[in-house]
Amino acid sequence: MANISKAETTPKQSSRSLKSVFLFLGVFFTVIFCLAPILWQILTSFKTNEAIASIPTIYFPSFNQLTLEHYISLGLPFLQYVLNSAFVSFTSTLFCLAIGAPAAYTLARLRIPGENIILAFVLIVTLFPYVLLFLGLLEVVKFFGLGNNYLALIIPYTAINLPLTILVLRSFFQQLPKDLEDSAKVDGYNTVSMLLNIVLPMTTPALITTGILTFIFAWNEFIFALTFITRENLYTIPVAVAQLGGASVYEIPYGPIAAATIAGTLPLIILVLIFQRRIVQGITAGAVKG
Amino acid sequence: MAKLELQNLRKQFAPSVVPVKDITIEVEDGEFLTLLGPSGCGKSTLLRLIAGLEQPTQGKVTIGGKNVTSVPPGKRNISMVFQSYALYPHMTVFENISAALKLRKIPREEIEKRVNDVTQKLGLEHLLTRKPGQLSGGQRQRVALARSLVRDPDIFLLDEPLSNLDALLREQVRADLKQLFETQNKPVVYVTHDQIEAMTLSDKIAVLCDGYLQQLASPHEIYTAPANKFVAGFVGSPQMNLITLDCQGNHAVLGDYKIFLPQLKTQPHQVILGIRPEDISLGDIETGETIAGHLFLVEDFGKEKLLSVRVNGSDQTLRVMVPADRTWEGEMITISLIKKQLHWFYVETGDRLN
């Protein structure tokens with residue numbers, strides 16, 4: 001009996017191990033496919049200029065082909081750009097959440113006449129390719145004299161991300177149990193303190209999610225930042241990186257560009273990782289039902 | 001003293017959505033009132049009107065003689081236990097229970113004392129630092145209850161607080177609830193669709209259907225003298241036999257048999273006869289209307305058996321509850337409807353005849 005059962009299990013086992021091999025290969029190639037450009041940039045940012053230019057391409061540089069000089073060449077001004085980007089991104093994210101969350105709550109909870117029409121408009125706004133708006137916006141910026149002012153970036157970034165924020169938060173608010181709010185009312189919370197003490201803590205995951213999306217957009221946005229800001233000390237990272245030039249027009253400083261890209265993305269990655277840990281799934285667990 | 005009065009309450013959401021149509025009820029201090037009715041009868045809406053979570057379209061809510069119709073829920077000094085418990089998931093049990101007290105600026109020491117008293121009473125003292133997510137269903141239910149009790153409110157409102165518990169636990173908590181609220185001496189309004197809960201817990205039951213109050217009476221009266229056909233059919237398990245019969249003079253005709261109608265000024269053409277299965281017995285007894293019929297179904301409940309009998313000369317069916325050890329012979333059997341337990345209702349209105 002034992003032999004028979006053994007003979008039966010063997011093909012099954014081998015097919016299972018085959019499956020896991022395929023799974024592993026699949027995961028491996030997907031990751032490589034997605035990360036390849038980034039890995040390439042990292043590699044480039046650490047190679048010496050000779051190693052970057054040499055043919056055939058050097059995939060595994062030796063020790064003396066590695067250098068930190070590209071990073072060092074970025075210098076102090078780069079820190080300024082990072083701070084610029086951070087300020088613009090933080091502020092627009094904050095505005096976006098501060099305006100979007102109450103709007104979403106209103107649309108989710110109150111019975112407003114024409115609610116669907118409002119939602120349709122909100123949705124339509126997201127359908128516009130925002131790049132096409134920038135010529136019009138340029139006129140607006142000129143009219144209000146906002147050129148070379150962070151507000152010229154903060155306002156459009158907030159506006160562009162508001163629709164998505166409203167839509168995502170609204171569907172999140174809708175699935176929050178309404179009993180909790182009723183219970184808070186019976187307990188004696190007024191509307192504002194109920195929103196701050198009961199609704200907001202439960203909304204944190206959704207706020208972080210939409211906040212991260214807004215933040216990433218603002219951090220990486222290029223066209224507006226290029227058009228509305230011309231003073232060098234106000235540049236955001238994408239513009240600053242694009243402005244990096246060589247000694248002559250014919251020289252493209254691959255190394256510094258790669259280093260700037262990596263150094264400019266790193267804060268973003270760290271930030272996203274930190275906040276992602278706070279998106280605890282099922283934070284409402286235990287609120288309702290037995 | 002905090003008598004609760006509802007006067008001609010009406011709630012209209014849309015022209016055709018009127019869950020509460022015209023309801024007037026009074027609840028005295030220490031009285032346990034249950035709102036009983038099928039889904040969609042307006043009982044939860046009525047409770048929300050009392051709580052102030054909904055504004056009535058018409059009518060008045062007064063607590064202790066004070067009109068609170070336009071007072072927000074937090075200022076009515078009521079407490080409410082929700083069906084889903086609605087515990088704040090990000091707060092510990094202690095914070096959940098004390099939240100309302102803190103909002104009322106009660107000193108810290110007193111809050112702690114009151115929370116301790118309540119949690120000891122409910123056996124929650126070792127759970128104070130946990131979050132609702134770490135509690136079992138029964139524990140959550142008790143936290144919800146503690147949150148309500150600690151407030152020492154003028155009126156307790158409970159919205160199907162037992163429906164999320166499993167059957168065994170429900171029975172035990174039901175008994176606990178009864179003891180607990182007997183000591184409170186405050187008006188309690190309890191919503192349920194479970195008639196056993198309503199029967200066992202209440203001093204008074206308000207049976208609701210379709211936005212109207214059908215009957216407001218003690219559990220005993222609801223059971224023995226239902227005010228109309230709806231109450232008769234809704235309360236009691238197995239359901240009361242309700243059959244429509246033609247009338248001849250002062251008799252109602254049931255197949256080959258005639259049953260005396262109660263004394264009335266005008267005789268209707270048709271009436272509805274109601275009799276509970278346990279008020280019909282097997283065989284021929286003196287105090288009953290004896291009827292013969294064809295036994296076509298036996299359902300065994302363990303303690304009792306439920307027989308379905310088709311009356312001779314008619315296609316009407318009567319269900320009869322007999323003790324499990326009762327025996328009979330053949331399929332043609334004789335049954336007796338106990339005369340004292342007959343209920344009569346008008347066909348048109350469903351109202352009780354006498």
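**Interfaces between the chains and between their domains**

Across the interface of chain A and chain B, two salt bridges are found, a salt bridge being a side-chain nitrogen of Lys or Arg within 4 Å of a carboxyl oxygen of Asp or Glu. The model is predicted, so local features need pLDDT of at least 70 and side-chain atom pairs count only at pLDDT 80 or more, while totals for chains, interfaces and linings use all residues. Residues are numbered from 1 along each chain as its sequence is written, chains are lettered from A and ligands numbered from 1 in the order in which they are written, and side-chain values use heavy atoms, with hydrogens and water left out.

One salt bridge between the chains joins the side chains of Asp182(A) and Arg48(B), at 2.7 Å from N to O. Helices (H or I, at least four residues) and strands (E, at least two) are DSSP runs, numbered from the N terminus. Over all chains, the structure holds 18 salt bridges.

On the side of chain A that touches chain B, helix H7 (178-187) and helix H8 (191-220) of chain A are the elements that give two or more residues. H7(A) provides the largest share of that side, with nine residues. By class, the side of chain A that touches chain B has eleven nonpolar, six polar and seven charged residues. In this grouping Ala, Val, Leu, Ile, Met, Phe, Trp, Tyr, Cys and Pro count as nonpolar, Asp, Glu, Lys and Arg as charged, and the others, Gly among them, as polar.

In terms of contact (heavy atoms within 4.5 Å), 24 residues of chain A meet 28 residues of chain B. The size of an interface is often given as the accessible area lost when the parts come together. Chain A and chain B bury about 2100 Å² between them, with 59% of it on carbon and sulfur atoms. Buried area is the accessible area (1.4 Å probe) that two parts lose on being put together, summed over both.

Turning to chain A itself, its domain assignment gives domain 1 (2-52) and domain 2 (71-289), with bounds that come from an automatic or database domain assignment. Seven residues from domain 1 of chain A and seven residues from domain 2 of chain A take part in the contact. About 540 Å² is buried between these two domains, 75% of it on carbon and sulfur atoms. Gln41(A), Ser45(A) and Ile52(A) supply 64% of the area that domain 1 of chain A buries against domain 2 of chain A, more than any other three residues. Helix H1 (residues 2-46) of chain A gives the most to this side of domain 1, with six residues. The side of domain 1 of chain A that touches domain 2 of chain A consists of four nonpolar, three polar and no charged residues. Zero salt bridges are found across this domain interface, along with one residue pair in polar contact (both at pLDDT 80 or more).

Chain B is likewise assigned domain 1 (4-228) and domain 2 (241-346). The centres of these domains, taken over C-alpha atoms, are separated by 40 Å. Six residues of domain 1 of chain B contact four residues of domain 2 of chain B, and the two domains bury about 400 Å² between them, 52% of it on carbon and sulfur atoms. Between them there are zero salt bridges and two residue pairs in polar contact (both at pLDDT 80 or more). The side of domain 1 of chain B that touches domain 2 of chain B has four nonpolar, two polar and no charged residues.

Strand pairing can be followed in chain B, where two strands pair if DSSP finds at least two bridges between them. Strand S11 (residues 241-248) and strand S12 (residues 251-254) of chain B pair in the antiparallel sense over three bridges, with Asp246(B) opposite Val253(B) in S12(B). Two residues lie between the strands in this hairpin of S11(B) and S12(B), and Gly249(B) takes a positive phi near 60° there. S12(B) is also joined by four bridges to strand S13 (residues 257-260) of chain B, and these strands run antiparallel. Ala252(B) has Ile259(B) in S13(B) as its bridge partner. The hairpin of S12(B) and S13(B) has two residues between the strands, and in it Gly255(B) takes a positive phi near 60°.

Technical notes. A polar contact is a pair of N or O atoms within 3.5 Å; within protein, one must be able to donate a hydrogen and the other to accept it, and residues adjacent in sequence count only if both atoms are side-chain atoms.
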